[in-house]
Amino acid sequence: MTINFSAGPAALPEIVLLRAREDLVDFEGSGLSVIEQSHRGAAYERVQATAIALLRTLLAVPDTHEILLLQGGARGQFAMIPLNLITPGASADYALTGFWARAAYDEALLVGRARIAADTREADGWYRRVPRPSELNIAPGAAYLHICSNNTIYGTQWSEFPDTGTVPLIADMTSDILSRAIDVSRFGMIYAAAQKNLGCSGVVAVILRKDLLERARPGLPTIWRYATHAQHASLYGTPATFAVATMRHVLEHAVAIGGVAAIEATNREKARRLYAALDARPEYYRLPAATSCRSLMNVTFFLPTAEANAGFLAEAERRGMIGLGGHRTAGGIRASIYNWVSLEDVDALVDLIAGFGR
Ligand SMILES: Cc1ncc(COP(=O)(O)O)c(C=O)c1O
């Protein structure tokens, strides 16, 4: 049995994989694979509508917000957001708290005017925390404030979201959607590529306040407009049918195990056990993230030497644990403990952390 601590694409529940396999061979007894179904047919339309309805229920998305299932991943949204939401003459604000937050900002600069509302990068290039509310400098007329709710590479997370007044708050939740309860009504937009907590790559979930749908700049091609996808119930072009069908299974599983409240309780316990094991040996493990900003999803740490890091990864692999190497730009160790990594999986890692290097 391999335990997958990869940062994404990430571990999925076995039941989801089994159902996806069934879909692939014989979808609901139709004699056709799910990827052979017409996306205009009733069977597929039901799958997609169910996925959207489940997302709405699980995340308690109010009627004020549209849910879209799009392609192009989270990086596609880095471009679509400024294209659709920076109105002529306006500028958008970005909080820079890590690699992905900065990548979103860099993309916005290609499209329009963007400003840095906060930047927590330190002199050595590492991001150890998210900004305090007092450090956020939001321009009163900003088109929006963009944040990354969980910084996948540096292992930091916003535990509370900023109050942005009338400026719409937009969050990249690719690495923590569905992991904890959130108040969607506080956001202008939330988006998440599926390959960590929602399923497999190929689909990105977008939750957008309806009054923002029609802001797109004149001349923006039809395919890049949020309004197009809202008008066509996310069936404008052929959707990523297999990815959507797999997301539906993930969401059904999420409901079956008790919804976001149950998932959050397990996630908090997983993170508690892992951080406790690391904190118990401060002379051996160094955790770069500020304690108040520690992520519940990505736990980053370093052993005393590069050789010890390499030895740790090798011993982990020998015990069946993979995906623990830090991001290529960061190094060290990163344990991604997304929704579908179990408590038992985490305990296996805790055991290694407790005993390694003694
Ligand atoms: C927070 C965050 N945003 C964006 C991305 C990029 O996602 P995609 O590859 O779907 O563009 C990632 C991928 O790891 C991520 O963790």
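Guide: Here is a walk through the helices, with a stop at the core along the way. Please keep in mind that this is a predicted model.

Let's begin with α3, which covers residues 73-85. Its 13 residues reach 18 Å from first C-alpha to last, close to the 18 Å expected at 1.5 Å a residue. Because 10 of those 13 residues are buried, α3 is largely enclosed by the rest of the structure. The buried set runs from A74 and Q77 through F78, A79, M80, I81, P82 and L83 to N84 and L85.

Helix α4, residues 99-111, also has 13 residues, and it reaches 19 Å, close to the expected 18 Å. Its buried residues are A101, R102, A103, A104, Y105 and A108.

Now for the core. Nonpolar side chains tend to be buried together in soluble globular proteins. Here the largest nonpolar core has 54 residues, and L59 is among those with the most contacts inside it, along with L55, L69, L178, L198 and L251. Beyond its neighbours within four places in sequence, L59 touches I177, L178, I182, V184, I207 and V260.

Finally, look at α1 (14-25) and α6 (241-256), which pack at about 145° with their axes 9 Å apart. The crossing is right-handed. From α1, I15, V16, R19, A20, D23 and L24 meet F242, A245, T246, H249, V250 and H253 of α6. Seven of the residues in this contact are nonpolar, three polar and two charged.

Note on methods
Residues are numbered from 1 along each chain as its sequence is written. This is a predicted model: local features need pLDDT of at least 70, side-chain atom pairs count only at pLDDT 80 or more; totals for chains, interfaces and linings use all residues. Side-chain values use heavy atoms; hydrogens and water are left out. Helices (H or I, at least four residues) and strands (E, at least two) are DSSP runs, numbered from the N terminus. The expected span of a helix is 1.5 Å times one less than its number of residues. Buried means under 20% relative accessible area, exposed over 50%, partly exposed in between (1.4 Å probe, protein chains only). A nonpolar core is a set of buried Ala, Val, Leu, Ile, Met, Phe, Trp, Tyr and Cys residues joined through side-chain atoms within 4.5 Å. Contact means heavy atoms within 4.5 Å. Axes are lines fitted to C-alpha atoms, for helices over the stretch in contact, and angles run from 0 to 180 degrees between N-to-C directions. A crossing is left-handed if the near helix is turned anticlockwise from the far one by less than a right angle, and right-handed if clockwise. Ala, Val, Leu, Ile, Met, Phe, Trp, Tyr, Cys and Pro count as nonpolar, Asp, Glu, Lys and Arg as charged, and the others, Gly among them, as polar.
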